[in-house]
Amino acid sequence: GLRFGDAEAALAEGHDQLLAINRTIEAIPQGQNRTLLAMPTGPVKTCTPVQTIERQLALLSKTAKPGCLIMDVGSTKKDIVSLAQKILPKNIHFVGCHPIAGTEKSGAKASIPGLFTNKKCLITPTKQTNKKALGLACKFWKNVGSNVTLLKPEEHDRILAATSHFPQMVSWLLLDSVVGSIPSDKIKKFSGSGFESMTRLA
């Protein structure tokens, strides 16, 4: 949802056929096109949790027109890229993407201008990735201000498990441990910036 909200900025950069798929229609900002799937020609940007992408890819395999570029913004890549290459027709092109941008808030209403400006975007091509589609994906993310880096899907997952997923797990565990042993009013009253920083990701 948060990353969906920045799709409008990409439209302003000349991607007049961009279609962004959000988790729920209700989360789409008022005034934006609520037609999520209508034989898209591309590019298509799926802005939903990793566990929902499989269903979306299956639907896009039947609705996207030949030549369509599909990108995701999921935080894991190996399984998603493998699945896309397995179920999408050869003339529909998938490029795995992971913008390292966001806040602790979620939903399209929490989107902010320039969300991707000067932020990293990791793109994970394989030997099967269409070169033209890869070029378009890189151009898309550069147009919204991202610094693009190419990584193999396996390498991406190994690095991000340590630098992103593990810190988030630690944050959740810390918050759960404290909330389970100290009344919430006392947590708010006596905690400082260190606790707030450590639990922000939770």
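Predicted model: local features only at pLDDT ≥ 70, side-chain atom pairs only at ≥ 80, totals over all residues.
Q: Let's start with one residue. Where is the place of K77, and is K77 buried or exposed?
A: Happy to begin there. Burial is judged by relative accessible area, and under 20% is buried. K77 lies in the loop between β3 (69–72) and α3 (78–87). Its relative accessibility is 0%, so K77 counts as buried.

Q: What does the side chain of K77 reach, and which residues does K77 touch?
A: For polar contacts, look for N or O atom pairs within 3.5 Å. Here the K77 side chain reaches the backbone oxygen of C97 at 3.2 Å. Leaving out residues up to four places away in sequence, K77 touches D72, G96, C97, H98, T124, P153, H156 and D157.

Q: How many residues does the largest nonpolar core have, and which of them have the most contacts inside it?
A: A core is a set of buried nonpolar residues joined through their side-chain atoms. The largest one has 17 residues, and M71, V95, C97, F116, I123 and W141 have the most contacts inside it. At least two residues come from each of β3, β6 (120–123) and α4 (131–143), with α4 giving the most, six residues. A second, separate core has 14 residues, including A64, V81, A84 and I92.

Conventions. Residues numbered from 1 in each chain as written. Heavy atoms only, no water. Helix = DSSP H or I, 4+ residues; strand = E, 2+ residues; numbered from the N terminus. Buried < 20%, exposed > 50% of the residue type's maximum accessible area, 1.4 Å probe, protein only. Polar contact = N/O pair within 3.5 Å; in protein donor to acceptor, adjacent residues only side chain to side chain. Contact = heavy atoms within 4.5 Å. Core = buried A, V, L, I, M, F, W, Y, C linked by side-chain atoms within 4.5 Å.
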